[in-house]
Amino acid sequence: MLNIQGQATALAHTQRVIHSGRLASTWIFAGPAGVGKFHTALEMAKTGLCDQPAHRPNRHNGQLFNALLEPEFELTLPCGQCDSCKAVEFRNHPDLHLVSRELIRYHDRSGKSKGTTLSIQVIRGEIIGDDSPEHRVEPKIYKRSQRGRGKWFIIDDADLMEIPAQNALLKTLEEPPPQNYIILITTSPTELLSTIRSRAQFVQFRDLSFSVMVPELVQRGVNDTQAKLLARLSGGSLGRAIAFMEATIAPERDEPAKSGARSTAPDQNAFPHWINAISTVLDNMLSGREGGMALATLIQKSAEQYAKAMLKRDPLASKDRAVRDGVGLMLSFVAAWFDDRLRHATGAAIIAPLPSQAHAMPPAAAQECIALCRQAEMQADMNAHIGVLLAATGTAIEHTMRKGQ
Ligand SMILES: [Zn+2]
């Protein structure tokens, strides 16, 4: 739990609750994607299920593990050695239940699911059970804890739960069987019913700072300049930065070596390829040499390359999802290019600028273009038709750039 970087507030919060011995049965871990929510949830479950949790003072060798807790505060940590800890690490502890997107299709009876929302079937199948005569499923949550230390349910992307799924879960949250803990992980807590939110212990996770992200990325094999650019473009999400880094690694390389011994570095030439291409098209658009459709086509093509690289690494991942993630990433490059222009215009400092021949453009137009990118990123993440969305966004950006000149 101590190796989760940049989330001192969230960790201090969870440590205080664990220490008090009054562990809430429902938790919401909210915050941006890729900042350590899932990892922290897993560590909490590991602590709860550990046969011999370790207790250590916060002060160690004159330093504090967590600056927000008192020096004498006693941290509760999983031992990391016992059978339970090992089983959690291998994700096969009988009292740990992970609910994620990957299970959507498994529970889909109609066979029509696009794999984008968690239906009531998933929640019934994985947590609360189903007593209808035709699909009887045992409720995992009412079964006995197999190793006697309670049971943990972690629902990733909990905001994807459809309303009937949330309502069904709510009934269980209202009267949870003792020693059952449910952690809902979400980037958008407002998508959860207020009745669920009011019953949960809320833990807020934050964007990671440059000072946390850059060394983490350098350790994974990029140089300092690239690490800064990645940190900036991923908006404080280490998960996103790593995904981007991995997508640019030559696909024929071996699987990453075990922690610490990373023998292969990302292909340093493949890395800036998309960023250069997008910057060039935007430069051309600013000087009137290219239009919005060129941008739309480039984003789509690059997103498909990104998806292809991601699917090579994880053949079970959804292609549609990977393309949407790729589109989101490319749009974040576009937004960063406009952010550079805005900074040029206002004289603000630019950390890790994108390569570009262009300088300032009118601040109002740059801001409007950034807003267009953000809006398109959100729609790409939902179910918008990618081709239509990109064509509309490219055209709107072109129009806004012209208007501002
Ligand atoms: Zn243990």
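Two strands are said to pair if DSSP finds at least two bridges between them, where strands (E, at least two residues) and helices (H or I, at least four residues) are DSSP runs numbered from the N terminus. This is a predicted model, in which local features need pLDDT of at least 70 and side-chain atom pairs count only at pLDDT 80 or more, while totals for chains, interfaces and linings use all residues. Residues are numbered from 1 along each chain as its sequence is written.

Strands of a sheet pair through backbone hydrogen bonds, either parallel or antiparallel. Here, an open sheet of 5 strands runs in the order β6-β7-β8-β1-β9, and its pairing is parallel. At its edges lie β6 (96–99) and β9 (201–204), each of which pairs on one side only. Within the sheet, β7 (residues 151–155) and β8 (residues 180–186) are joined in the parallel sense over 5 bridges, and I154 has I183 in β8 as its bridge partner.

We can now turn to a helix. Helix α14 (residues 386–403) has 18 residues and reaches 25 Å from its first C-alpha to its last, close to the 26 Å expected, a span found as 1.5 Å times one less than the number of residues.
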